[in-house]
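Here's a walk through the structure, one site at a time. Keep the viewer open and follow along.

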Amino acid sequence: MSDCIFCKIANGEIKSETVYEDDTVRAFRDLSPQAPEHILIVPKEHIANIAEFNSEDGELAAHIFTEVIPKLARDLNIAGKGFRLVINTGEDGGQTVNHLHVHLLGGRKMTWPPG
Ligand code: 5GP
Ligand code: ZN
């Protein structure tokens, strides 16, 4: 999508502090980190949010959750102590960038409930 900032980051048109990349996914540091480790994991394909997921996206979802996130957690040394995943979805979900992204937050103790 031509006017989508995360499409531009995902395809490398806009530089980011990338911590992981493969053919389908890029993971990069959030511009405004809310924890010592705050990574955004985005598909390279433009998908607006998780409500737009369909069965064809199963392989991508599995890749993100079974391979990319566990690897990032290990590489960032937060797998043992723990971390939080957040997927803000739509207006009520607090989503501000309409390109699906998973927040990976770690390196401090999180509180509950979220605001
Ligand atoms: P959302 O509120 O949609 O779940 O999260 C969007 C996130 O993207 C926010 O945490 C915000 O700080 C981050 N963000 C917005 N624009 C940019 C950008 O240009 N570069 C990076 N690295 N992060 C961004
Ligand atoms: Zn996009």
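Ligand 1 has 16 residues around it, and the closest are D30, N88, T96, H101 and H103; a residue makes that list if one of its heavy atoms lies within 4 Å of the molecule. A word on ground rules: this is a predicted model, where local features need pLDDT of at least 70 and side-chain atom pairs count only at pLDDT 80 or more, while totals for chains, interfaces and linings use all residues. Residues are numbered from 1 along each chain as its sequence is written, chains are lettered from A and ligands numbered from 1 in the order in which they are written, and side-chain values use heavy atoms, with hydrogens and water left out.

Back to the ligand and its polar contacts, meaning pairs of N or O atoms within 3.5 Å; within protein, one must be able to donate a hydrogen and the other to accept it, and residues adjacent in sequence count only if both atoms are side-chain atoms. An oxygen atom of ligand 1 sits 2.8 Å from a side-chain N or O atom of H103, and an oxygen atom of ligand 1 is 2.9 Å from one in the side chain of H101. On its own, ligand 1 has 520 Å² of accessible area, and the protein covers 81% of that (Shrake-Rupley method, 1.4 Å probe; for residues, only the protein chains shown count as cover).

You'll find H101 in the loop between β4 and β5, where helices (H or I, at least four residues) and strands (E, at least two) are DSSP runs numbered from the N terminus. H101 counts as buried because its relative accessibility is 5%; buried means under 20% relative accessible area, exposed over 50%, and partly exposed in between (1.4 Å probe, protein chains only). A polar atom of the H101 side chain also lies 2.6 Å from the backbone oxygen of H99.

And what does H99 do with its ND1? That atom is one of the protein donors of the zinc ion (ligand 2), alongside C4 (SG), C7 (SG) and H46 (ND1), at 2.0 to 2.3 Å. Donors here are N, O and S atoms within 2.8 Å of the metal (3.2 Å for Na, K and Ca); water is not among the atoms, so sites may look incomplete. The angles between the four donor atoms run from 105 to 116°, so the arrangement is tetrahedral, a label that requires all angles to lie between 85 and 135 degrees. Along the chain, the donors are spaced C-x2-C-x38-H-x52-H. C4, in the segment before α1 (5-10), and H99, in the loop between β4 (83-86) and β5 (102-106), are 95 residues apart, so this pair links distant parts of the chain. C4 is buried at 7% relative accessibility, and H99 is buried at 0%.

Now look at helix α1, where I9 is found. I9 is buried, with a relative accessible area of 9%. Most residues other than glycine have a negative phi, and most peptide bonds are trans. N77 has a positive phi of about 65° although it is not a glycine, and at 69% relative accessibility N77 counts as exposed. W112 and P113 are joined by a cis peptide bond, with omega about 5°.

Key
Four donors count as tetrahedral if all angles lie between 85 and 135 degrees; four count as square planar and six as octahedral if opposite donors are over 155 degrees apart and all others between 65 and 115; anything else is irregular.
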